[in-house]
Amino acid sequence: MKKQVICWTVFPLLCILLLFLSVEAQTCSPSGKIKGKTPPPGQCNQENDSDCCKDGKWYTTYKCSPPLSSQTKATLTLNSFERDGDGGAPSECDNQYHSDDDPVVALSTGWYNNGKRCLKYINIHGNGKSVRAKVVDECDSTMGCDSDHDYQPPCPNNIVDASKEVWKALGVPEND
């Protein structure tokens with residue numbers, strides 16, 4: 001506490017700059033771009049209205065996600081975690097497929113935090129309701145447009161990719 005008082009008393013302009021830099025450090029900026037390529041025929045599963053990469057289109061990548069708080073906003077997307085679903089491979093956390101009737105999610109790369117949230121539960125609030133869901137996978141914000149990612153673009157940095165059960169618990173229609 002003494003350091004803060006000294007800062008504001010002795011170096012007020014420097015303190016304002018440090019405060020600005022501190023706030024800036026908490027934002028999440030793009031880390032790069034990847035160039036899309038058209039998937040081979042039948043290789044991009046478009047279940048749940050998933051996008052397929054477009055040849056020559058540039059897609060933004062992120063290594064981070066917005067800082068988490070009780071007010072953090074996210075985009076809820078629909079994903080199938082079942083074999084042959086649009087989620088592609090088995091879940092990253094346990095190398096298993098999961099029923100769409102279970103409340104499970106994949107998180108954008110930054111929130112996934114190198115697997116530190118694997119198999120932990122998060123609370124999702126929306127539509128005046130809430131649901132507790134298990135983190136089982138990463139929605140990769142750093143890569144995409146290849147076979148490992150089902151020829152889908154990289155995820156934005158604020159995605160909660162959720163099973164049908166999560167949508168149902170929140171009262172969100174699947175076609176919304």
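This is a predicted model: local features need pLDDT of at least 70, side-chain atom pairs count only at pLDDT 80 or more; totals for chains, interfaces and linings use all residues.
Which residues have the most contacts inside the largest nonpolar core? I looked that up first. They are Val105, Leu107, Ile124 and Val166, in a core of 17 residues. (A nonpolar core here is a set of buried Ala, Val, Leu, Ile, Met, Phe, Trp, Tyr and Cys residues joined through side-chain atoms within 4.5 Å; buried is under 20% relative accessible area, exposed over 50%, partly exposed in between, with a 1.4 Å probe and protein chains only.) At least two residues of this core come from each of β4 (104-108), α3 (109-112), β5, β6 (129-139), β7 (159-162) and α4 (164-170).

Numbering starts from 1 along each chain as its sequence is written, and side-chain values use heavy atoms, with hydrogens and water left out.

Next I checked the sheet. Five strands make an open, mixed sheet ordered β3-β7-β4-β6-β5. (Strands are DSSP E runs of at least two residues, helices H or I runs of at least four, numbered from the N terminus; two strands pair if DSSP finds at least two bridges between them.) β3 (75-78) and β5 are at the edges with a single partner strand each, so one side of each has no neighbour in the sheet. β4 and β6 run parallel, joined by five bridges, and I found Val105 opposite Val135 in β6.

Last, I looked at Gly126, which sits in β5 (residues 121-126). I logged Gly126 as partly exposed because its relative accessibility is 24%. Its C-alpha is 8.7 Å from that of Gly171, 45 residues apart along the chain.
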